[in-house]
Amino acid sequence: MAPFRILSMDGGGSWALIQVKALIALFGNQATGHDVLSQFDLAAANSGGSIVLGCLIENFTLQQILDFFHDETQRKAVFSKTEWEDRLLYDILRIGPRYSADVKLPALRKVLAKCGGLLLPDAVTGIRGSNSEDSIHVLMVGFDYDRNRAAFFRSRKIEGPSWGCGEQANVTLAEAIHASTNAPVNYFDGPAKFDDRPGRYWDGALGGWNNPVLAAVIEAIGLKQDSHNIVALSLGTGNTSLPSPQPGDPPSLYTQPPSEVGLRSDIKKLATSILDDPPDAATFLAHVITGCGAGMDPSVSRSRIIRMNPLVSPRRAPAGASDRWKPPEAMTHDQFMFILNLDMDAVEQEQVDAITQYADLWMNDQTLNQPIRMDSQLNCELGQDKFSAAREAWLRISSGNTGTP
């Protein structure tokens, strides 16, 4: 039986260009969005990943999607600055919204001129999945502002005696993306709203779904798929991961410092924690649900979940060095500190260029790939810690080459 293939894409603003570069490495830069989606049976996304998924549904080529992220005018149309009062508050306190939620929806409609105004189920009609005559199933994640719970925008109903009923979305493609991309507090100035439909929404990360792969696996099981027949490609948008300092080591700029304590730092931590490690537990939980790699050839992969995501992290220095850690290969200290401190909402050209350069290092195995599980010293325990290994594993398990020899 051919595997049921999932494409899952994290949130992360302009950092989502990393996902596009990973897809280009798999399919080539002239592959169209429908070419890519036809290799999967289900696609799930949050926030920046939802923008990529919307562009795939619109049937842009992968190069055109990458060009969108590189185009400063288009980026700033979606991430439009708020009024000067909000910007001043942020400049003084480093807390507060920086972008206008109301401007974002018209900008998304303009980018997605063909499909953005279609209801989500209609937007994907005719895009065939890899193993079915049915259209690919799509899931975008938001957070219902008024009901305080996750909101799932799906292209068709999921129901059964063991599941109840998950309704299909009654919003347009652009509206689903608008809801999914609306990160709160330090990013957008209010919940996402629609012109002629009720409902207000924040980014799906508030419900713990910044990495939506677990939601996607559960959705596939709701579609009556055998969990051991599911394989998933989980694409991230870059995670900062510094090693923990060890007893007796000298102070280092490249290890995790203790967090400040206080109201301002606590608010900032709460505002940004939706992007940090807790959502990445989803990858490990999806690994467990799909059988922990049981029955698979360990030389191919020990899991049915393949994670592709660059770690913004240092590498080990040679033995005897005064500091056990140093910047990744081909990076200076200043370059590494710039990317390390870069926020999710990178919209300036210098920032996007730095993300692009870091993604290139990652794809050339010059910095770490985030595995499914690692220890506090960045040692891989499960999964692949190099992009090339993750790429090879996905190509093999997605083709059905998973059995024990």
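This report covers aromatic pairs, charges over rings and salt bridges in a predicted model.

## Aromatic pairs

The model contains 12 aromatic pairs. One of them joins Tyr-99 and Phe-188 in a tilted arrangement, with 5.9 Å centre to centre and 50° between the planes. Tyr-99 belongs to the loop between α6 (84-93) and α7 (101-111), and Phe-188 to the loop between α9 (173-180) and β7 (192-193), so this contact ties together parts that are 89 residues apart in sequence. Tyr-99 and Phe-188 are both buried.

Another pair, Trp-362 with Phe-387, is edge-to-face, at 4.7 Å centre to centre and 65° between the planes. Here the partners come from two helices, Trp-362 from α14 (residues 349-363) and Phe-387 from α15 (residues 387-398), so the pair ties together parts that are 25 residues apart in sequence. Trp-362 and Phe-387 are buried. Ring pairs also link Phe-27, Phe-40 and Trp-394 into a cluster.

## Charges over rings

Phe-188, already named as the partner of Tyr-99, also has Lys-104 over its face, at 4.8 Å from the ring centre. In a second case, Arg-373 lies over the face of Phe-284, at 4.1 Å from the ring centre.

## Salt bridges

The structure has 12 salt bridges. Among them is the contact between the side chains of Arg-200 and Asp-146, at 2.5 Å from N to O. This pair links distant parts of the chain, 54 residues apart: Arg-200 is in strand β8 (residues 200-203), and Asp-146 is in the loop between β3 (137-144) and β4 (149-154). Arg-200 is partly exposed, at 33% relative accessibility, and Asp-146 is partly exposed, at 44%.

Lys-157 and Glu-167 also meet in a salt bridge, at 4.0 Å from N to O. Lys-157 is in the loop between β4 and β5 (158-160) and Glu-167 in the loop between β6 (164-166) and α9, so the bridge ties together parts that are 10 residues apart in sequence. Lys-157 is partly exposed, with a relative accessible area of 39%; for Glu-167, also partly exposed, the value is 48%.

## A salt-bridge network

The side chains of Arg-197 and Glu-175 form a salt bridge at 3.0 Å, N to O. Arg-197 is in the loop between β7 and β8 and Glu-175 in helix α9, and the pair links these distant parts of the chain, 22 residues apart. Arg-197 is partly exposed at 24% relative accessibility, whereas Glu-175 is buried at 1%. Salt bridges with shared partners join Arg-197 and Glu-175 with Arg-109, Asp-195 and Asp-196 into one network.

Key. Residues numbered from 1 in each chain as written. Predicted model: local features only at pLDDT ≥ 70, side-chain atom pairs only at ≥ 80, totals over all residues. Heavy atoms only, no water. Phe/Tyr/Trp six-rings, centres within 6.5 Å; stacked < 30°, edge-to-face > 60°. Helix = DSSP H or I, 4+ residues; strand = E, 2+ residues; numbered from the N terminus. Buried < 20%, exposed > 50% of the residue type's maximum accessible area, 1.4 Å probe, protein only. Lys NZ or Arg CZ within 6 Å of the ring centre and 35° of its normal.
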